[in-house]
Amino acid sequence: MSKTPWWSHAVIYQIYPRSFADSTGSGMGDLPGVIAKLPYLAELGVDAIWLSPFYVSPQQDAGYDVADYRDVDPLFGTLADADRLITATHEHGLKIIVDLVPNHTSDQHPWFQQALGDPDARDRYIFRDQPNNWLSHFGGKAWTQITEPDGTPGPYYLHLFDTSQPDLNWEHPEVREEFENILRFWLDRGVDGFRVDVAHGLVKQAGLPDHPHRPGMITDAELDHNITDSDSFTPVHPFYDQEGVHEIYRSWHRVLEEYQDRMMVAEAWISPLFRLFRYVRPDEMQQAFNFTFLTAGYDAQALHEAIDISFAEAHAVGAPVTWVLSNHDTVRHASRFGLPDPTSYPDSITAEDIQPDEALGRRRALAAAMIELALPGSAYIYQGDELGLPEHTTLPNEARQDPTYRRTRGAEYGRDGARVPMPWRAGQPDGWLPAPESYHRLAVDQQDGVPGSFLETYRQLLRLRAEYRLGSGQFAWSAHHDPHRGVLAFTVTTEDHTGTQRVEVIANLSDRPVTVAPGELLIGPGYAESMVEPDSTAWLIR
Ligand code: NOJ
């Protein structure tokens, strides 16, 4: 059997540093806090961690506005803490992926500060005397006019996100050189990979043509999976998925090749899926987040289609598939799946909205996790997924910090509901965002060691996934598969010197019990006497 790279079947745990573990009582998570929780993560059974940005930043977009790519923000610790974290992660047998934010810097980055004061130092960003009509992802216009040092009105600069996040000009050789050096800086320190932020945005269409639509995450109109003809495809947005981005990733691929076993994962909200898989052609990145699976919602037919097309497109370029249900930009799936329409994909849920059914949402979240964690490929989990953590759906507006809330003047509520600090123990004081009451009930110390708790079930799932090597198995839909009736069923087969092992996964997303062929149960919280209860999944040996 050929040895596959670690990322092709890894379970990768996303840490949102400000909300993970607070070692000082400041209300903000930090890197020493992450180090202290490595035993928890190793015991959980993940293979790798990915940390959202911890670099020096004015924190206008929770660290996705970087002022110094080579140092740690004092909020989170020091560069020595980052080094200790890298070493300690490896000592725990885990890999570590860090976030790279190449589309924009912070407006406090020395390059931008220099650009403000010196008209001859503006080429590293996108300055124009006349802005076009582009809109910001976070609301409002994508251009802001500067004032010259002498007080006269200056040109406009492009920011697809907040005004504090000027877009870099990737046509400039210094920008390219700088990022290759940043990659080397962290590779030399021992990181195993990079999650590349807005990977589809770096290159803009020549001439910056007008475009009426606000950049967003995938919209329904763009989700036309039937388009598979690459020749006739034109990107929907002139600022996303331009051909020129691929040369950048080819050059980064060459940098990573100077080291061993390092990877990149693209964060690119693009559709149709064949466009996404162009980022993981053999000489580009190693992985891309599969948001088609995430946006499919709790719906057997949509999941069936998402799974089929993901395998097909991945196969076409020879890349591993990834699976993900939530991250720091989405409403947590335990809440989405508890909404009256569990296929809906709201930007946020607030106190004024219909509240999700917590118990139903959590039950469905486990059923969905048991699909995700059994599928061959790499699975991403967001901190708290293992607790079945819901979104904070009644967050007071005065607590909100997402720039979207401010920039849309409250018309959109933003992503804070998914970013509430991780509850380690009941009674834990609130951190930078207040926690809902449920976080005390669902805290780690309330679930740890409790048979049948979400956390213990999750640990068991990850143990079984590793034992049966599900991440590197062969996938096939099985006889019980009946998506029209709400049943997803597939087998995952692995072979080694001891013989063939086959696990059947039967997910009942319908509201009626499903009878299945008898077999040895591996795990199945809603399974008894050959029946899979509604909203539950069973893993059986076949
Ligand atoms: C994607 C990140 O995940 C999100 O949190 C951030 O606001 C934008 N990129 C801009 O960097």
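**Entry 1: the ligand**

The model I am reading is predicted: local features need pLDDT of at least 70, side-chain atom pairs count only at pLDDT 80 or more, and totals for chains, interfaces and linings use all residues. Residues are numbered from 1 along each chain as its sequence is written, and side-chain values use heavy atoms, with hydrogens and water left out.

Next I looked up polar contacts, meaning pairs of N or O atoms within 3.5 Å. A polar side-chain atom of D61 is 2.6 Å from a ligand oxygen atom. For D197 the distance to an oxygen atom of the ligand is 2.7 Å, and for R415 it is 3.0 Å. The ligand taken alone exposes 290 Å², of which the protein buries 98%; the areas come from the Shrake-Rupley method with a 1.4 Å probe.

The ligand takes up the space of the largest cavity. A cavity is a set of points, on a 1 Å grid over the protein atoms alone, where a 1.4 Å probe fits but cannot get out. A molecule sits in one if more than half of its atoms lie within 2 Å of its grid points.

**Entry 2: strands**

I used DSSP runs for helices (H or I, at least four residues) and strands (E, at least two), numbered from the N terminus. Two strands pair if DSSP finds at least two bridges between them.

I found an open sheet of three strands in the order β6-β8-β7, with antiparallel pairing. β6 (127-128) and β7 (143-147) are at the edges with a single partner strand each, so one side of each has no neighbour in the sheet. Four bridges join β7 to β8 (residues 153-158), and Q145 has Y156 in β8 as its bridge partner.

I then turned to β15 (residues 487-496) and β16 (residues 499-508), which run antiparallel and are joined by 10 bridges. They form a hairpin with two residues between them, and F490 stands opposite V505. Six bridges also join β16 to the antiparallel strand β21 (residues 536-541), where A538 stands opposite I506.

**Entry 3: backbone**

Most residues other than glycine have a negative phi, and most peptide bonds are trans. I noted that a cis peptide bond joins S271 and P272, with omega about -5 degrees. P272 lies in the loop between β10 (263-266) and α7 (273-277). A62 has a positive phi, near 50 degrees, and is in the loop between β3 (55-56) and β4 (68-72).

How values were computed
Polar contact = N/O pair within 3.5 Å; in protein donor to acceptor, adjacent residues only side chain to side chain. 1 Å grid on protein atoms, 1.4 Å probe; cavity = no way out; pocket = protein on both sides within 12 Å on 5 of 7 lines; lining within 4 Å.
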